[in-house]
Amino acid sequence: MSQRTSALPGGLIALAIGAFGIGLTEFVIMGLLPQVAADFAVTESVAGWLISGYALSVAVGGVALTAAVTRLRRKNVLLGLMVLFIAGNLVSALAGDYATMLAGRIVAALCHGAFFGIGAVVAAGLVAPARRAGAIALMFAGLTTANVLGVPFGTFLGQHLGWRATFWAITGVGVVALIGLALLVPGRGPATDAAPAGGLRGELRAFTHRQVWFSLVITILGFGGMFGAFTYIAYTLTEVSGFATATVPWLLVLFGVGLFAGNLAGGRAADVSLSRTPVIVLAVLTVVLVGFALTATSPVLTVAALLLLGAFGFATVPPLQMRIMKYAHQAPTLASGANIAAFNVGNALGAWIGGVTISAGLGYTAPIWAGAALTLLGLVVLLVAERLARHEPARAAAPADLVDAAA
């Protein structure tokens, strides 16, 4: 019981450390994309595959790896995933050509979806029922901290010592995270035991609920819109807003501050109302994206837009993750991993659409407009899903039940 009532269980700290390292790997490449592209002599669109390829690999790992380990103890799985993360970043740091760099990104990405999917279930099981969305947000706080501190510092490091130095630093963070997971995550208990009897078949049964599928689609569209706008942000800031390249790392600090605050606020709001929170957040995010696209030529308004984009973009994460775990409450592990995969399918979709708009000569604000359209579509799907959910209350177990039933 002490783990469930503790203000901040040590296991949550360990999960946040792992999330911090993974967040560095996922996002730092955006600030380094021009340097990497120049070093390997590839175009912006080709370099963008270091982002979209990573995201697609996350999607594969989030489902395939999670499905493969449903009968294993969750702590052991988390440790193995962190070893995979370290190996992938070593390959990236040593890459001598673009293909090797992409391979390293793919290897590192394989652990991402399973880590956050399984980690979300573990985090929710470490606290009292009424604080589960907040616990998930605390785990993801490591990811947002990576944007506030790690990504700007990594971009700065890459610009002054070369992008390889950044990936060596990320590898070091991975080692620290591995030690933290080994020491702080409990080895036994409801949160870290294997999935319930029934294994993979039991986990797959959760996908017979249409709200689980609605949740996946909403995640792809809603989060994909934000990520599509952010993928080419370095080019938007320098080519449209007129900022110097050297200021990009510091502008990313503002985006990271928004991520950090929005993630925690989204978790708290979802604990109060899981149905209203994602609707409000996606609606405001759509407005922010439209405003950003219209005012990107103004440096002052761009700064404000970056902060709001981060805040409302990441405020979607805890409620969307909690939503799918709610409707897959009897076996949430695979569904949780699938939703992490959905976040990254959205990332890949947004990055791909943004790249298409740039290649078509529509300019560096075009990805922002495309992102607004994706987010608006996600909002429409969510409204339809919530309307249908009101007519199926028997299957929608309260969030308080989701981990207890799985354990």
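Reader: How many helices and strands does the protein chain have?

Author: This is a predicted model, so keep that in mind throughout. The protein chain has 18 helices and zero strands.

Reader: What share of the 407 residues counts as buried?

Author: That would be 59% of the protein chain. As for contacts, take those with a separation of 6 or more: residues 24 or more positions apart account for 86% of them.

Reader: Okay, on to helix pairs. At what angle do α2 and α4 pack?

Author: When you look at two helices, check the angle and the distance between the axes. Helix α2 spans residues 10-40 and helix α4 spans residues 49-68; they pack at about 160°, with axes 9 Å apart. Angles over 145 degrees count as roughly antiparallel, so that is how α2 runs relative to α4.

Reader: Which residues make the contact?

Author: From α2 you get Ile22, Thr25, Glu26, Ile29, Met30, Leu33 and Val36, and from α4 there's Leu50, Ile51 and Tyr54. Sort the residues of this contact by type and you find eight nonpolar, one polar and one charged.

Reader: How far does α5 reach from its first C-alpha to its last?

Author: Here you compare the span with what the residue count predicts. Helix α5 (residues 74-94) has 21 residues and reaches 31 Å, close to the 30 Å expected at 1.5 Å a residue.

Reader: And which residues of α5 are buried?

Author: Quite a list, including Val77, Leu78, Leu81, Met82, Phe85 and Ile86. Arg74 and Lys75 are buried in α5 too.

Reader: Is Glu386 buried or exposed, and what about Arg323?

Author: The cut-off for buried is under 20% relative accessible area. Glu386 comes in at 12%, so it is buried. Arg323 is at 2%, so Arg323 is buried as well.

Reader: One last residue. Where is Ala348 found?

Author: Look in helix α16, residues 332-359. Ala348 is buried, with a relative accessible area of 7%.

Reader: What does Ala348 touch?

Author: Leaving out residues up to four places away in sequence, Ala348 touches Ser52, Ala55 and Leu56. Also, Ala348 and Gly228 are 120 residues apart in sequence, yet 7.9 Å apart in space, C-alpha to C-alpha.

Technical notes: Residues numbered from 1 in each chain as written. Predicted model: local features only at pLDDT ≥ 70, side-chain atom pairs only at ≥ 80, totals over all residues. Heavy atoms only, no water. Axes fitted to C-alpha atoms, helices over the stretch in contact; angles between N-to-C directions. Helix = DSSP H or I, 4+ residues; strand = E, 2+ residues; numbered from the N terminus. Parallel < 35°, antiparallel > 145°, perpendicular 65-115°, else oblique. Contact = heavy atoms within 4.5 Å. Nonpolar A, V, L, I, M, F, W, Y, C, P; charged D, E, K, R; others polar. Expected span 1.5 Å × (residues − 1). Buried < 20%, exposed > 50% of the residue type's maximum accessible area, 1.4 Å probe, protein only.
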